[in-house]
Amino acid sequence: MAPTGCCLFDTAIGACGIAWNAQAIAAVQLPETTREGTLGRLCRPFGAVAQSAPPPFVQQAIARIQALLQGARDDLRDLPLDFSAVPEFHRRVYEVARAIPPGEVLTYGEVARRIGEPGAARAVGQALGRNPFAPVVPCHRVLAAGGRSGGFSAEGGAETKLKMLEIEAARLGGAPGLFD
């Protein structure tokens, strides 16, 4: 379902964007270098989307995303997302990613095993690279084998991913935080 509106909102890591329809969030965009860049990348899959004041459910989502990006322990799992244009494999990957609590991480291989496709780590990475809902679908919580950052399609790449994990005081298993 096409978005009926969109807006930008400020966070601790920069201006994010969000698009919505009457029932759900259609897309969320992490910051680009400029506000115009963020808006452009947010709307690219849809074409022109009118900027407008968000409805109450989107206002609540924005407040929770802002809090998450300041270190709140909110998994955002209950936010309604419009998966109508998302391929089935990607949906399965995103469901696993959404189940990763703030401060925890999985590897691409672990996500592949959890969706029942143990040889699909590369495909998992590609699906996460096309994630239209970051950070609501927390692709930053999925790492390469051995705790390496792996790729990240947001502006700033792996540096942005690591910054987001630092904000969450991410831990590898039961080990101290990544940044302790």
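Two strands pair if DSSP finds at least two bridges between them, and strands (E, at least two residues) and helices (H or I, at least four residues) are DSSP runs numbered from the N terminus. The model is predicted: local features need pLDDT of at least 70, side-chain atom pairs count only at pLDDT 80 or more, and totals for chains, interfaces and linings use all residues. Residues are numbered from 1 along each chain as its sequence is written, and side-chain values use heavy atoms, without hydrogens and water.

**Exercise 1.** Determine the strand order of the open sheet and its edge strands.

*Solution.* Step 1: the 3 strands follow the order β1-β2-β3, with antiparallel pairing. Step 2: β1 (5-11) and β3 (25-29) are the edge strands, since each pairs on one side only. Step 3: neighbouring strands are turned by 20° against each other on average, direction ignored; axes are lines fitted to C-alpha atoms, for helices over the stretch in contact, and angles run from 0 to 180 degrees between N-to-C directions.

**Exercise 2.** Describe how β2 pairs with β1 and with β3.

*Solution.* Step 1: β2 (residues 14-20) joins β1 in the antiparallel sense over 7 bridges, and Phe-9 stands opposite Cys-16 of β2. Step 2: β2 and β3 are antiparallel over 4 bridges, with Ile-18 having Val-28 in β3 as its bridge partner. Step 3: a hairpin is formed by β2 and β3, with 4 residues between them.
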